[in-house]
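I opened this model to look up its core, its surface and its ring pairs. My notes follow.

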Amino acid sequence: AIFSKEFALLIPAVFLFYDSRLSDKKLPLKNYAFYIVSIIGYLAIRSFVVASPNFLKQLDFVNLLLLSPKLVVGYLSNMIFPQHLQTMYDIAPAERIREILPYIFIIVCIVIAAIYFRKKSEILFSTGWFILFLLPVSGLLPTGLTSMADRYVYFSSMGFAMALAYVINLADKKAVIVI
């Protein structure tokens with residue numbers, strides 16, 4: 001799967017998190033050795049094939065601060081209100097810090113909600129899934145992506161859907177209305 005889609009590099013982290021938080025049967029870490037060997041082998045092959053494999057050279061703090069919050073909130077708003085979707089979005093970095101403050105406020109609210117629900121393993125797992133698969137396309141990691149496309153967050157949207165389903169399940173059954 002790693003050779004088909006690099007997002008597969010994150011799947012062992014999902015397995016590990018599931019086994020440590022949700023599973024009744026706890027697996028020893030030695031069961032993950034195959035995944036670690038596969039990931040190291042893939043990254044070694046990739047470093048020979050890709051022209052610029054060094055992520056640290058691509059690190060751009062301006063992009064991190066002025067673009068990432070807009071990308072994260074943009075992806076989240078498309079999941080909540082899936083209207084006027086496009087194949088690609090032109091998202092320009094903010095010109096000033098104050099333009100980013102509303103986006104940072106929304107992200108802080110999400111973090112506070114995650115902290116509030118941290119004792120609920122299902123919410124913690126789904127939030128972790130959402131964040132884990134959002135990281136490579138959020139601009140927070142130096143992957144070279146500076147544009148936004150809905151297809152980048154298919155895996156991340158599964159974590160969002162799990163959290164939403166759990167919250168709906170917690171609601172009063174008489175109050176839940178299916179639209």
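I count a residue as buried when its relative accessible area is under 20%, and as exposed when it is over 50%. The model is predicted.

**Core.** I started with the largest nonpolar core, which has 21 residues. Tyr-75, Phe-130, Phe-133, Leu-134, Val-137 and Val-153 touch the most other members. Helix H4 (68-80) and helix H6 (121-134) each supply at least two residues of this core. I then checked Val-153. Beyond its neighbours within four places in sequence, Val-153 is in contact with Tyr-75, Met-79, Leu-134 and Val-137. Phe-133 has 1% relative accessibility, so I call Phe-133 buried.

**Ring pairs.** I searched the whole structure and found 11 aromatic pairs. One of them joins Phe-3 and Tyr-42 edge-to-face, at 5.3 Å centre to centre with 75° between the planes. Phe-3 lies in the segment before helix H1 (11-21) and Tyr-42 in helix H2 (residues 33-49), so this pair ties together parts 39 residues apart in sequence. Phe-3 is exposed at 65%, while Tyr-42 is buried at 9%.

Next I looked at Phe-133 and Phe-155. Their ring centres are 5.5 Å apart and their planes at 35°, so I list the pair as tilted. Phe-133 sits in helix H6 and Phe-155 in helix H7 (residues 154-170), 22 residues apart. Phe-155 is partly exposed at 30%. Both rings belong to a cluster that also includes Phe-7, Phe-17, Tyr-18, Phe-125 and Trp-129.

**Surface.** Which residues make the nonpolar surface patch of about 510 Å²? I find Leu-65, Ile-97, Leu-101, Ile-104, Val-108 and Ile-112. Helix H5 (residues 97-116) gives the most, with five residues. Ile-112 is in helix H5 and is exposed at 52%.

How values were computed: Residues numbered from 1 in each chain as written. Predicted model: local features only at pLDDT ≥ 70, side-chain atom pairs only at ≥ 80, totals over all residues. Heavy atoms only, no water. Core = buried A, V, L, I, M, F, W, Y, C linked by side-chain atoms within 4.5 Å. Buried < 20%, exposed > 50% of the residue type's maximum accessible area, 1.4 Å probe, protein only. Helix = DSSP H or I, 4+ residues; strand = E, 2+ residues; numbered from the N terminus. Contact = heavy atoms within 4.5 Å. Patch = residues over 30% accessible without salt bridge, like charges linked within 9 Å, V, L, I, M, F, W, Y side chains within 5 Å. Areas by Shrake-Rupley, 256 points an atom, 1.4 Å probe, with all protein chains shown as cover. Salt bridge = Lys/Arg side-chain N within 4 Å of Asp/Glu carboxyl O. Phe/Tyr/Trp six-rings, centres within 6.5 Å; stacked < 30°, edge-to-face > 60°.
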